[in-house]
Amino acid sequence: MEFDTKTPKSVTSDPKSFASESVRMRWPVILTGAIDDIFKAISSTDDAEKQAEGKKIIEQLGSLKYEMLHDRQLTPIPEDGFPDETAAYNKELEQLGNPTWFQVPWLFAECYMYRRLNTFFTLTNHWKSYDLFARQKTDTFRTSRNAVVELAARYADIIKKIRADKDITHDPETEKILFTEMCEVCLWGNATDLSLLTNMTYEDIQKLQGSEARKAAEQNILVNNLPEAFALLKKAQAEGKKERRVDFVLDNAGFELYVDLVLAGYLLNTGLATHVVLRPKSIPWFVSDVLPTDFAALLSALANPKGFFESPTEEEKVSEKTPAPLAPKEVEDLLYVFQDWATLHGEGQLAIRPNRYWTAGGSFWRLPHEAPELHEDLKQAELVIFKGDLNYRKLVGDAWWDATTPFAEALGPMGPGSGVNVMSLRTCKADVVVGLPAGKDEELRATEGGRWRFRCQKMGLER
Ligand code: F6P
Ligand code: MG
């Protein structure tokens, strides 16, 4: 905690905050969903020992939910093979005075919940690598079919044009427009977030995804520093640097990972980057976050698009709905996208680099001190794109900054001078916001209400 900002942090005791709503409403719903998932998994095995372990997991989930709803103390996380990690969480519990669920910093409590949840599985024989959220991730990607197909056609069209005539991107204006479009596509993918599904339906999510949704929501982009990011990549390209890497600190699997790959593939095919490093989580995290297995699952869905997108989701199975077959052109575009990304990955231009630090419990103000090797690695990239709301909260310390505080200031040790060129692509889903022009926060409170920060899908492309 010694490296954290001194600006007051978002805490669950603040009755008006999303922190308070999360601990009292959303997290219990997520735990209930987890119990349902394990029940389903138990019913699909006849291994008695696995069933017994599954029942124990359900008991632990129930206890955690009870503790939370009755404002009990957060208990120490048992050691599960990563002693330094659990020790760091438990040291912070002590430093916080062994807090209860309704009186604890929001960021730490939410990370603690998912890290403790993980031990319910790691401390078993049959459930060690079970991803509690895999079912939801797969279903939501299936539900995103229309936008996935629409983007596949757009992507294939752009890449074929680039391959046929490299000059398409040598017109600076065209290149800038395409770069902006690809980044906005990537940004909007962050709106598809299962940890919010507690109050959104799949139909709601679909409405957020297509090109129409993007156009209609342009005015929701509150901060846009894309021109600086584009200039930075063009400058490195003009200087003739041999290796020009762009890193994605990933957020959600499924549709968001798909649009991350759309942007990554665009950067690599145009030469705006020579390498892309994707940085996923190592354990199931915040419901939707990417694990290395989710990358493999996405590629295999694209490799067999009819098999994947013509299979019913869980919901469709219940309502006995059969998805319409994909049109031949749609299959062709999806296979084109698969081939392009599989080749970039196979040739080493697109790499997956997990790191357990992304599931630590503190803000990235601590990163240079707590993870110096990771810090050194991030410095090698021309640009590090942090996707999503949780990464944003970690970057700015999940603190009650004045909304006009410059992003660079709120970044603290990861700001100017850190050696890392940080860009955040974020849908606002929490209390913390920085980098707004004077009066904007007041204007939004007046027009959208006091809870606009996590109710209105406002976006930011902040550098
Ligand atoms: O706001 C709900 C929430 O769970 C936040 O606590 C968290 O920051 C966010 O959703 C996760 O969103 P994202 O997937 O964009 O990081
Ligand atoms: Mg997420």
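This is a predicted model: local features need pLDDT of at least 70, side-chain atom pairs count only at pLDDT 80 or more; totals for chains, interfaces and linings use all residues.
1. The magnesium ion (ligand 2) has Asp 251 (OD), Asn 252 (OD1) and Asp 289 (OD) as its protein donors. They lie 2.1 to 2.2 Å from the ion. Along the chain, the donors follow the spacing D-N-x36-D. Asp 251 sits in the loop between β2 (245–249) and α11. Asp 289 sits in the loop between β3 (275–279) and α12 (292–303).

2. Helix α11 (residues 255–270) packs against helix α6 (residues 145–164). The angle is about 5°, and the axes are 11 Å apart. The two helices are therefore roughly parallel to each other. From α6, the contact includes Leu 151, Tyr 155, Ile 158 and Arg 163. From α11, it includes Phe 255, Tyr 258, Val 262 and Gly 265. By class, this contact has 13 nonpolar, three polar and one charged residues.

3. Strand β6 (residues 422–427) is mostly covered, with six of its six residues buried. Val 422, Ser 424 and Arg 426 point one way. Met 423, Leu 425 and Thr 427 point the other way. In a regular strand, side chains alternate between the two faces of the sheet.

4. Which strand pairs with β6 in the parallel sense? Strand β5 (residues 383–387) does, over four bridges. Ile 385 has Met 423 in β6 as its bridge partner.

Notes:
Residues are numbered from 1 along each chain as its sequence is written. Chains are lettered from A and ligands numbered from 1 in the order in which they are written. Side-chain values use heavy atoms; hydrogens and water are left out. Axes are lines fitted to C-alpha atoms, for helices over the stretch in contact, and angles run from 0 to 180 degrees between N-to-C directions. Angles under 35 degrees count as roughly parallel, over 145 as roughly antiparallel, 65 to 115 as roughly perpendicular and the rest as oblique. Contact means heavy atoms within 4.5 Å. Ala, Val, Leu, Ile, Met, Phe, Trp, Tyr, Cys and Pro count as nonpolar, Asp, Glu, Lys and Arg as charged, and the others, Gly among them, as polar. Donors are N, O and S atoms within 2.8 Å of the metal (3.2 Å for Na, K and Ca); water is not among the atoms, so sites may look incomplete. Buried means under 20% relative accessible area, exposed over 50%, partly exposed in between (1.4 Å probe, protein chains only). Two strands pair if DSSP finds at least two bridges between them.
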